[in-house]
Amino acid sequence: MIKNFKAEIISNKEINQGIFNLIFKAPELAAATVPGQFLEIMCGTDGAGNGPFLRRPFGVYNTDIKKGTAEILFKVLGQGTKNLSARKAGEILDIVGPLGNGFKIVEANHPVIAGGGMGVAPLLLLVKVLRDKKQKPIIFLGAKNKDELAAVEKFEKYGKVILTTDDGSAGEKCFLNIPLEKYLEENKNSVIYCCGPHAMLKCLAELGKKYKVPVQVSLEEKMACGLGVCRGCPVEVKNKDEKYKMVCKDGPVFPAEDVVW
Ligand SMILES: Cc1cc2nc3c(=O)[nH]c(=O)nc-3n(C[C@H](O)[C@H](O)[C@H](O)COP(=O)(O)OP(=O)(O)OC[C@H]3O[C@@H](n4cnc5c(N)ncnc54)[C@H](O)[C@@H]3O)c2cc1C
Ligand code: FES
């Protein structure tokens with residue numbers, strides 16, 4: 001159930017240049033969240049909304065039901081994320097969530113995870129749930145360079161990780177669809193779960209079509225209300241009755257074949 005709640009920050013650490021891992025106390029959220037859901041967080045410096053007027057959306061990166069904690073992984077881009085990066089342990093966050101639908105976990109011999117840039121954030125929880133279900137995901141992580149490859153060691157705990165960077169500073173120098181396509185050629189009965197830049201998701205949607213593999217894409221449109229009310233986050237879909245769906249309420253995860261790329 002969606003709630004507006006206050007959460008105490010436990011830690012907020014810069015794990016890569018400009019990329020922060022924020023852990024906060026939220027027992028109910030930790031128990032209720034499914035992989036792929038997101039939160040809308042007030043990013044004011046004092047927890048009372050000073051800073052950007054609108055909340056900012058972040059995928060739930062990790063949860064620990066025993067400790068009653070949840071985590072986000074975020075990159076500093078503008079004022080909201082800059083404010084968030086300055087928040088300290090002991091301070092209180094104002095959060096709405098969990099929001100959105102999340103990934104639909106399906107049976108497959110070869111679950112493929114693909115995260116581009118900060119698109120890795122909502123995928124760690126998914127990988128953990130797949131492992132709990134005795135599935136063995138293969139994980140493709142791509143970024144512009146090694147500094148933008150976040151949380152690689154966390155993913156390595158749960159499956160084989162293939163890295164790519166645009167500049168070759170880590171892993172293979174290419175986009176992640178190149179090794180991913182090779183994998184699809186050799187492994188039948190796959191399913192792809194992905195999050196990242198639009199161009200990457202479009203490319204994976206095309207690969208899914210080519211290899212007849214279902215693809216679930218998590219979209220990251222700019223958002224305002226996060227609740228399906230303002231109609232500020234439309235995505236065009238192949239649906240006669242309803243040309244646009246709202247990423248916040250109907251997604252953020254969609255079957256790739258439903259999206260007009
Ligand atoms: C469902 C969802 C989940 C998200 N999860 C994460 C996450 O886990 N970690 C993370 O770091 N970011 C995530 N984002 C993106 C994050 O919400 C934005 O980076 C953040 O809102 C920027 O706020 P700001 O005030 O710092 O920057 P703003 O001043 O609002 O924007 C600064 C710059 O960032 C660009 N920007 C803003 N929003 C987005 C967006 N959605 N996608 C691409 N560029 C954007 C703007 O065009 C501008 O150039 C998510 C977005 C959505 C919609
Ligand atoms: S952000 Fe308001 S409808 Fe999606």
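Q: Which residues have the most contacts inside the largest nonpolar core?

A: A nonpolar core is a set of buried residues joined through C-beta atoms within 7 Å. In this predicted model, the largest such core has 72 residues. Those with the most contacts inside it are Ile-72, Ile-113, Ala-114, Ile-192, Cys-194, Leu-204 and Val-217. Helix H3 (residues 123-132) supplies the largest share of this core, six residues. At least three residues come from each of domain 1 (3-99) and domain 2 (110-218).

Q: With which residues is Leu-204 in contact, leaving aside neighbours within four places in sequence?

A: Contact is judged between C-beta atoms, with a cut-off of 7 Å. On that basis Leu-204 is in contact with Ala-114, Asn-177, Ile-192, Cys-194, Val-215 and Ala-256.

Q: How many residues of domain 1 are in contact with domain 2?

A: Contacts across the two domains involve 15 residues of domain 1 and 11 residues of domain 2. Strand E1 (3-16), strand E5 (62-64) and E6 each give two or more residues to the domain 1 side. E6 gives the most, with three residues. By class, the domain 1 side divides into eight nonpolar, six polar and one charged. The domain centres, taken over C-alpha atoms, are separated by 24 Å.

Q: Which residues come nearest to ligand 1?

A: The shell is read from C-beta atoms within 6 Å of the ligand. Of the 22 residues around ligand 1, Phe-74, Gly-78, Gly-80, Thr-81 and Ala-121 come nearest. Two or more residues of the shell come from each of strand E4 (56-59), strand E6 (69-75) and helix H2 (79-85). The shell has 12 nonpolar, five polar and five charged residues.

Conventions: Residues numbered from 1 in each chain as written. Chains lettered and ligands numbered in written order. Predicted model: local features only at pLDDT ≥ 70, side-chain atom pairs only at ≥ 80, totals over all residues. Helix = DSSP H or I, 4+ residues; strand = E, 2+ residues; numbered from the N terminus. Nonpolar A, V, L, I, M, F, W, Y, C, P; charged D, E, K, R; others polar. Domains from an automatic or database assignment. Buried ≥ 20, exposed ≤ 12 C-beta atoms within 10 Å, placed from the backbone.
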